[in-house]
Amino acid sequence: MEIPYTVAAREDTGLNNGKIGIWLFLASEVMLFGALFATYILLRVGSTEWPHGYTILNVPLATFNTIVLISSSVTMVMAWASLMRRRFGTFRIYQGVTVLLGGVFLMVKYFEYSAKFHHELFPRTNNFMAIYFTLTGLHMLHVIGGMVVNAYLLGPGSKLYKTNPEWFTNRVENSGLFWHFVDLVWIFLFPTLYLL
Amino acid sequence: MAFPKINMLSYQSYFLGGVTMIASFFIPEGGAAQAGWTSYPPLANISGSGQTWWLIGMIFLITSSLLGSINFIVTTIQLRAPGLTFMRFPFFVWAQFVTSFLLLLAFPPLEAAGVLQLMDRVAGTSFFMPTGLVVSGQVAPNAGGGNPLLWQHLFWFLAHPEVYVLILPAMGIVAEVIANNTRKPLWGYRSMVYSLGFLGFMSFIVWAHHMFMTGMGTVMSTFFQTTTMIISIPSVVILTALILSLWGGSIRFTTPMLFALAFLPMFGIGGLTGLPLGLSVTDIPLHDTYYVIGHFHYVVAPGTLFGLMAGIYYWYPKATGRMMNEFLGKLHFWGSFVFMNLVFMPMFFLGLAGVSRRLFDGGETYQFAQPALHYNVMSSWGAWMLGIAQIPFIINFFWSMKGGRKVGANPWEATTLEWAAPSPPPHGNFDHPPEVYRGPYEYSVPGRTTDFQPQFERA
Amino acid sequence: MSGSHDVDIDKHVRIYITVFVSLMVLTLITVAVGYLHLPVGPAVAVALLIASIKGGLVACYFMHLISERKLIYYVLFSTVVLFLVLLLVPLVTVHDGTWINRHIP
């Protein structure tokens, strides 16, 4: 028996399996990052002194990274829109730019971290650095994960488009949802760590 | 399942997690994880290297649970057979459904906490280490600005829903077995379902009743005590409905039914003994004593485990095509039932006498514990006898695979969908896609020649 | 969400561009406000407000939440409630009995 509703939507829920699956996963990710934000709040409120992020961290660089990530979100949704219009070539361009922008984000993070280490600022230095590295580190792992999936869909995974374009479009949409979520987390991370 | 590959990934992650945890026992120096399942800092932070393995193992296990939950929820919503509406679900399916939501939303904070504790142990951070912490006469090197209570909140945010994860599926199994072996529908199915939903939601806002002794003020301890009292209501509704389901039934005392019946008073004792623990004032003398151990073992051991046993005896013929032996089953049951009580009942008295848990000598060195020490002896006898009582089960389980009485698709004359599949089910489970025509417990329908009408039969 | 017409997608694309520009503007605003070095209370409130608007735009339009099905809304609503519980309750619990009594003369 074929597994139903992999591509077609089930009538009463109006959704296919993958869409529900990815939103459930994102719900769990909200709780994961929520715990880390709760940690930040508890540690900061309970501390006797807590540095302002802008005194330690590089705000212009992070602003640039914020713009990079937001742009990659736009290119991601445009990639999906291209597939909806069945323009495979345009999809590849947008998907490629999305992966590229993810790479730019990672490179900037590499420079940021290296600069911190160079100035003897490690997770063990103080609790601000600890939660900074943990929050941005976990976020970075999610960026890498998203890039791997996006690269797969750009490369070997795109073969599915020839046999089942609708299924492939759904996969791009679902991985796009994950990518937007990664952007969403950064939208909250950035002011919390860098501007407050 | 909706996502077969994720199903497999969930198992593989679980296997890896289990191996990692057990591996900690074989670490030459530093030793196995020894900070308890609660892994409280500062002890867990400074423990030997086994604790790091424990934390890594937890990350694998949590990932496995998350993947599994997603699969269960999507499958339950999307892959229902035609005609299977939500209110035609067997109660067990509802129980698993709610359990999956608990796992999905409660586990991630523990995963985050595990990462934080790993950072503390490996990267020298002090998320959980307070300033000026002294270990073995020396100030701990990386201690500064952390809060052990942060771990407790993140841990118990999961660990309370976790106990409902432990009990809900067992309640589901007991419901199925009771309906089948009373030959009548469950009493109050709708109330039971709504109670499940309410219980699931409430389970997220009671967690700090595990933390009454951490110095929280009266406002928050009253809040958590209140939510804890409220959450006992749906549990009582479900237990009462199960008990009322017996009234007027044509009871078949099969082995699964014996376990399901025993579940009822055992869970009752477990639940009732939870009440003084859930009230902040009465928790003061009882926290961290043997009373707590008695309470949670009553809900989990003769609670969840008896539910599990009922399930194994009930679904064994479906999975293997053979019945387990009834005589060995009854031997297993009576031994387990009697000795389970012998192990855990004395613990209430030990706890009321003030004996703490996690003492290597059971309270022997304490003056006040002397009159209660004999309870330890009772529990120990009970434990050994309980272990011996499992032998008939182990023999039965393996022998019946080849030597058990062969049966067809529906040996228990049950009404739910799984009994439409062949025993054992082939790849794809069903010969042809099943269809559902009615509710899950159409037993003793007036005017019929048989005393059951399966969900999946047209007439 | 499969098999929509080109016309629908065109409308969506225009929305995406609008949202993109809004996000850029809001990013610059939040950084500019950051340079004002407001006291902690107002700083947190403004930062959270702007971040919520940005996040809301990403969720509603890039993630298509504005036209999503009820089931997804139920799941997300429960998640948001629990997220807020996780964020606020430990804080209140740890500080209960301390900040309440601080103002008693």
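Predicted model: local features only at pLDDT ≥ 70, side-chain atom pairs only at ≥ 80, totals over all residues.

Mentor: B:Asp288 sits in the loop between H9 and helix H10 (290–320) of chain B. What makes this residue worth a look is its backbone: phi is near 65°, a positive value in a residue other than glycine. As background, most residues other than glycine have a negative phi, and most peptide bonds are trans.

A:Glu120 is not a glycine either, yet its phi is positive, at about 60°. Its place is the loop between helix H4 (88–118) and helix H5 (127–154) of chain A. A:Glu120 counts as exposed, because it has 7 C-beta neighbours inside 10 Å and the limit for exposed is 12 or fewer.

One runs from B:Pro41 to B:Pro42, with omega near -5°, and B:Pro42 is in the loop between helix H1 (4–23) and helix H2 (43–46) of chain B. Another joins B:Ser423 and B:Pro424, with omega about -5°. B:Pro424 belongs to the segment after H13 of chain B.

Back to where we began. The buried residues of H7(B) include B:Met220, B:Phe224, B:Thr228, B:Ile231, B:Ser235, B:Ile238 and B:Leu242. Look at the spacing in that list with a simple rule in mind: an α-helix has 3.6 residues a turn, so residues three or four places apart point the same way. As for length, H7(B) covers residues 218–244, and its 27 residues at 1.5 Å a residue should span 39 Å; the end C-alpha atoms are 39 Å apart, so the two agree.

H13(B) does have a bend, though, of about 25° at B:Phe397. Its buried residues are B:Pro392, B:Phe393 and B:Asn396, and their cover includes helix H11 (326–352) of chain B.

Now follow that lead from H7(B) across to chain C. 11 residues of chain C are in contact with 12 residues of chain B. Helix H3 (residues 70–95) of chain C gives the most to that side, with eight residues. By class, the side of chain C that touches chain B has seven nonpolar, three polar and one charged residues. H3 of chain C also holds C:Lys70, which is exposed, since it has 10 other C-beta atoms within 10 Å. C:Lys70 and C:Arg14 are 56 residues apart in sequence, and their C-alpha atoms are 26 Å apart in space.

Chain C touches chain A too: 43 residues of chain A are in contact with 39 residues of chain C. The elements giving two or more residues to chain A's side are helix H1 (17–45), helix H3 (59–84) and helix H7 (165–195) of chain A. H1(A) provides the largest share, 13 residues, and that side as a whole divides into 29 nonpolar, 10 polar and four charged. Chain A itself has seven helices and zero strands, and buried residues make up 49% of its 196 residues. Among its contacts between residues at least 6 apart in sequence, 77% join residues at least 24 apart.

Chain C has a mean pLDDT of 86, with 85% of its residues at 70 or more. Among its elements, helix H2 (residues 40–62) has the highest mean pLDDT (94) and helix H4 (residues 99–102) the lowest (45). Over residues 99–105 of chain C the pLDDT is below 50, and beyond near neighbours in sequence this stretch has two contacts in the model.

Note on methods
Residues numbered from 1 in each chain as written. Chains lettered and ligands numbered in written order. Bend = angle between axes of the 7 residues up to and from the residue. Helix = DSSP H or I, 4+ residues; strand = E, 2+ residues; numbered from the N terminus. Buried ≥ 20, exposed ≤ 12 C-beta atoms within 10 Å, placed from the backbone. Contact = placed C-beta atoms within 7 Å. Nonpolar A, V, L, I, M, F, W, Y, C, P; charged D, E, K, R; others polar. Expected span 1.5 Å × (residues − 1). pLDDT = per-residue confidence, 0-100.
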